[in-house]
Amino acid sequence: MRKTKSIMNHKSAKHMLLERPWFIVLALAGLIGGALLITSFIRSTDNTLSLCSTAKTTAQSIAEYTATPIQLQSIVHYATSRTVPQQTFDEISISLEVLKDRLPCNFLVFGLGRDSLMWASLNPGGTTVFMEEDPEWIQAVLKDAPSLRAHHVQYRTQLSQADRLLKTYRSEPKCLPANAFPIRYNEKCPLALTSLPDEFYDTEWDLIMVDAPKGYFATAPGRMAAIFSSAVMARNRKGAGTTHVFLHDVDRKVEKAYANEFLCEKYRVKSAGRLWHFEIPNAANMSDQPGDRFC
């Protein structure tokens, strides 16, 4: 009985720590600091099997590594601010594991917010681009973090259309997986993102984070088009490897329904809290895939 109470007290204390902003700030600083060392090790470690040589190389690389300006800015920002990212530590950790394996990489983020500086700093040497629908919010965020690469985007959908679009999209041939790409010119499919900056279409994205646009009131754009377009781009990847798609707020009806329809349950590899992680192969590696369905 005493042991049971001890375990319960330990879990309660841990939960309280995770809910405190200062604990999250310290955890983020640890994540970013760890990323600096991991990046250093990856860039400088040779292929030798000698333990002594590896240890010497690692120590030298850590000593010589110079953090990027955005990494230093990120550490200072989160260490001196009460503002913390929207995602939880467990949710962030899933994306971080993939970033560590793929960096430097092309990282596309739908949404600009309190975690943007963190995401950019966790991809040193890579390309991290943010898509945001609110121009005033872009100005507010870039005022404190001008080095972020953010684009203003406009969407053709509204959340109130989500159910109808999901039921009827197959009636439009240009919405089908075999015909939806390239989405830049796909005006006939209402779920295709056609008015984004050239960088969106001209870059092959290794990681895509869908944490926007707004999707909690009827006239908001909703995330239907972002999810659909992410699935289309992942299926049409030309380079080696898979595309990692992270979808936040899967506790909401629309996000969950569109994830199951376009990102596919069979490609979901991890989850934490309100985040689902999908690893999607290109269409050439989908031998069992019907031509008129994504999943």
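Student: Are C175 and C189 buried or exposed?

Tutor: Keep in mind that this is a predicted model. Buried means under 20% relative accessible area. Both C175 and C189 fall in that class: buried.

Student: What is the handedness of the disulfide of C175 and C189?

Tutor: The sulfur atoms of C175 and C189 lie 2.1 Å apart. The torsion about their S-S bond is about 110°, so the disulfide is right-handed.

Student: Where does the chain hold C264 and C295?

Tutor: C264 and C295 form a disulfide, with sulfur atoms 2.0 Å apart. With -90° about the S-S bond, this link is left-handed. The two cysteines are 31 residues apart: C264 sits in the loop between α11 and β6, and C295 in the segment after β7.

Student: Is C295 buried, partly exposed or exposed?

Tutor: Buried needs under 20%, and exposed needs over 50%. C264, at 1%, is buried. C295 has a relative accessible area of 34%, so C295 is partly exposed.

Student: Which residues of strand β4 point the other way from L207 and M209?

Tutor: In a regular strand the side chains alternate between the two faces of the sheet. In β4, L207 and M209 point one way. Pointing the other way are I208 and V210.

Student: Which residue in β5 is the bridge partner of I208?

Tutor: β4 pairs with β5 in the parallel sense, over 4 bridges. In β5, the partner of I208 is V245.

Terms used
Residues are numbered from 1 along each chain as its sequence is written. This is a predicted model: local features need pLDDT of at least 70, side-chain atom pairs count only at pLDDT 80 or more; totals for chains, interfaces and linings use all residues. Side-chain values use heavy atoms; hydrogens and water are left out. Buried means under 20% relative accessible area, exposed over 50%, partly exposed in between (1.4 Å probe, protein chains only). Two strands pair if DSSP finds at least two bridges between them. A disulfide is a pair of cysteine sulfur atoms within 2.5 Å.
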